[in-house]
Amino acid sequence: MSTAVLPHDEQLRARFSELKPALTAQAAVIEADRCLNCFDAPCTAACPTHIDVPGFIKRIASGNLRGSALRILDANILGASCARVCPVDVLCEGACVLTRQNRKPIQIGQLQRRAMDAFWASGEAVPVAAPGTHKLRVACIGGGPASLACAAELCRQGARATVIERRELPGGLNTYGVAEYKLRAADSVHEVEMIRRLGVEFRCGLEVDSAAALVALEAEFDFIFLGLGLGAMQRLNIPGEDAEGVMNALELIAAYKTGHLRELHGTVVVVGAGNTAIDAANAARRLGADTVYMLYRRSESDMSAFDFEYEHAKQEGVQFLWRRQPVAIGQGEHGRLILETVQAREADGKIEVIPDSQSAIACDLVVPAIGQSPLTQILQELRGVQARDGKIVADRVTGQTGNPRYYAGGDCVNGGREVVDAVAGGKRAARAMLKEAEVAHA
Ligand SMILES: Cc1cc2nc3c(=O)[nH]c(=O)nc-3n(C[C@H](O)[C@H](O)[C@H](O)COP(=O)(O)OP(=O)(O)OC[C@H]3O[C@@H](n4cnc5c(N)ncnc54)[C@H](O)[C@@H]3O)c2cc1C
């Protein structure tokens with residue numbers, strides 16, 4: 001798997017230096033020793049993949065890093081990326097008994113990283129229960145966390161899995177979307193390489209975009225797993241949106257992560273106030289923009305970003321403009337843009353524009369970040385697979401869709417959550433397919 005499209009220059013690495021550097025070996029043991037090993041492990045219950053948290057932490061405390069990593073990988077094959085990207089405050093660490101006692105929670109994410117980093121450094125392959133013993137063949141469409149977890153689980157249980165990804169590199173948003181200071185694209189690809197060594201086949205640069213392509217896959221595979229993620233970013237639908245100097249948040253993030261965008265200057269306006277908007281705003285600051293505004297038509301208390309992400313953006317120097325709405329993008333002097341805005345207020349739960357409240361911001365880049373659209377195009381091709389509000393309808397436990405040969409998981413089912421939710425969905429679907437195949441052959 002070539003990582004040739006990824007940047008290796010030191011300048012970019014320095015700009016996106018890690019938000020949370022790894023614990024030292026000694027600090028990790030001290031931290032592991034603080035764990036109370038709760039018998040009911042609320043941290044494990046709070047993890048969508050149900051990692052045995054006390055179990056892996058106990059092994060770190062006793063110096064058994066390999067055993068610790070294998071514990072994590074049994075539950076979550078993307079344990080390395082989840083250690084870096086999970087919003088632990090609202091998951092495992094938020095559920096830690098110490099948090100409830102107003103004490104500092106165990107740094108579960110950092111300890112998970114310690115075990116996974118040691119495992120990677122050892123170069124050892126993840127064990128496979130019974131390689132190639134199963135006749136089952138599954139195509140996983142999409143190369144993101146949901147499909148990776150599904151394919152890995154299938155191969156670990158002896159079945160065969162092929163991941164089909166339209167982009168050049170696999171990993172989905174782990175490679176192209178998550179902020180580089182949390183997870184480097186190169187580390188995402190490294191993790192995918194570990195999954196490839198389980199026997200998973202990858203077909204990258206291939207889009208499944210028609211009914212005919214699906215029919216061909218049905219002939220080649222027993223089941224098809226849909227790990228398609230969400231659709232493109234939503235448009236602002238204002239005049240001037242297609243001007244040069246307008247780049248949506250996902251384009252901006254993917255461009256810098258792959259080294260195609262190395263520097264920004266002047267003033268950048270990000271429109272939106274979710275986690276993706278914050279990632280784009282922070283990236284703009286780190287790429288060198290002097291001033292970065294986040295513009296939101298509602299108030300601070302309505303923003304959908306996590307509190308810790310909001311705090312982080314303030315630390316990065318991002319400035320917030322509340323209750324302002326863009327209405328047009330025009331051309332300014334010297335190639336700059338003029339973002340026309342109006343002041344908004346809420347009345348009876350609805351946003352209304354305050355009369356005569358126009359103002360303009362001269363800027364160099366406008367970044368729409370108002371959410372991803374639901375999937376539309378491919379869903380029309382999937383006969384028998386129902387969709388509601390652009391999300392695939394699938395069984396909550398098995399991931400099976402209305403067409404019994406199709407399963408689905410991750411963002412395309414849940415509408416966009418976290419990496420760990422996608423991993424859980426992919427793993428559950430793999431187990432259900434294995435069970436279904438066993439029943440069919442009994
Ligand atoms: C900017 C951003 C930052 C984020 N940061 C975090 C974070 O810090 N922590 C966290 O836990 N979560 C984060 N998330 C959410 C997380 O990335 C997603 O929940 C997760 O990646 C979902 O995995 P998935 O496999 O369902 O979809 P994706 O990761 O989107 O993968 C889907 C893949 O399918 C491919 N594909 C789609 N259609 C086709 C087709 N027809 N043929 C072939 N391939 C196709 C796509 O190219 C893509 O690679 C972030 C999301 C965004 C947008």
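Ala151 is placed in helix α10, which spans residues 145–156. The model in which this residue is examined is a predicted one. Ala151 has a relative accessible area of 0% and is therefore buried. When neighbours within four places in sequence are set aside, Ala151 is in contact with Cys140, Ala161, Val163 and Val200. Arg196 lies 45 residues from Ala151 along the chain, and the C-alpha atoms of these two residues are separated by 9.4 Å.

Two sheets may now be considered in turn. One of them is an open sheet of five strands, arranged in the order β3-β2-β1-β4-β15 with parallel pairing. Its edge strands, each of which pairs on one side only, are β3 (201–204) and β15 (406–408). Between neighbouring strands of this sheet the average turn is 20°, with direction ignored. Strand β1 (residues 137–141) and strand β4 (residues 223–226) run parallel and are joined by four bridges. Within this pairing, Ile141 has Leu226 in β4 as its bridge partner. Helix α19, formed by residues 419–441, lies across β1, β4 and β15 and runs at about 170° to β4.

The other sheet is also open and has four strands, in the order β7-β6-β5-β12, again with parallel pairing. Here β7 and β12 (365–368) are the edge strands, each pairing on one side only. Neighbouring strands of this sheet are turned against each other by 25° on average, direction ignored. Helix α15 (residues 275–286) packs on the sheet and touches β5 (267–271), β6 and β12, while its direction makes about 170° with that of β6.

On one side, five bridges join β5 to β6, and the two strands run parallel. Val270 stands opposite Met294 in β6. Three bridges join β6 (residues 291–295) to β7, and these strands likewise run parallel. Tyr293 stands opposite Gln319 in β7. How far is β6 enclosed by the rest of the structure? Four of its five residues are buried, so β6 is largely enclosed.

A pair of aromatic rings is described by the distance of the centres and the angle of the planes. Eight aromatic pairs are found when the whole structure is searched. One of them is formed by Phe16 and Tyr181, which are stacked with 6.4 Å centre to centre and 10° between the planes. This pair links distant parts of the chain, since its residues are 165 residues apart. Phe16 belongs to the loop between α1 (10–15) and α2 (25–33), and Tyr181 to the loop between α11 (173–176) and α12 (185–196). Both Phe16 and Tyr181 are buried.

Which arrangement do the rings of Tyr310 and Trp322 adopt? Their centres are 6.0 Å apart and their planes stand at 80°, so the pair is edge-to-face. An angle over 60 degrees is what places a pair in that class. Tyr310 lies in helix α16 (residues 307–316), whereas Trp322 lies in the loop between β7 (319–321) and β8 (324–331); the pair therefore ties together parts that are twelve residues apart in sequence. The two residues can also be described by their accessibility. Tyr310 is buried, with a relative accessible area of 9%, and Trp322 is partly exposed, with a relative accessible area of 21%. The cut-off for burial is under 20%.

Tyr310 and Trp322 also belong to a cluster, in which ring pairs link them with Tyr296 and Phe320.

Technical notes
Residues numbered from 1 in each chain as written. Predicted model: local features only at pLDDT ≥ 70, side-chain atom pairs only at ≥ 80, totals over all residues. Heavy atoms only, no water. Phe/Tyr/Trp six-rings, centres within 6.5 Å; stacked < 30°, edge-to-face > 60°. Buried < 20%, exposed > 50% of the residue type's maximum accessible area, 1.4 Å probe, protein only. Pairing = 2+ DSSP bridges. Axes fitted to C-alpha atoms, helices over the stretch in contact; angles between N-to-C directions. Contact = heavy atoms within 4.5 Å.
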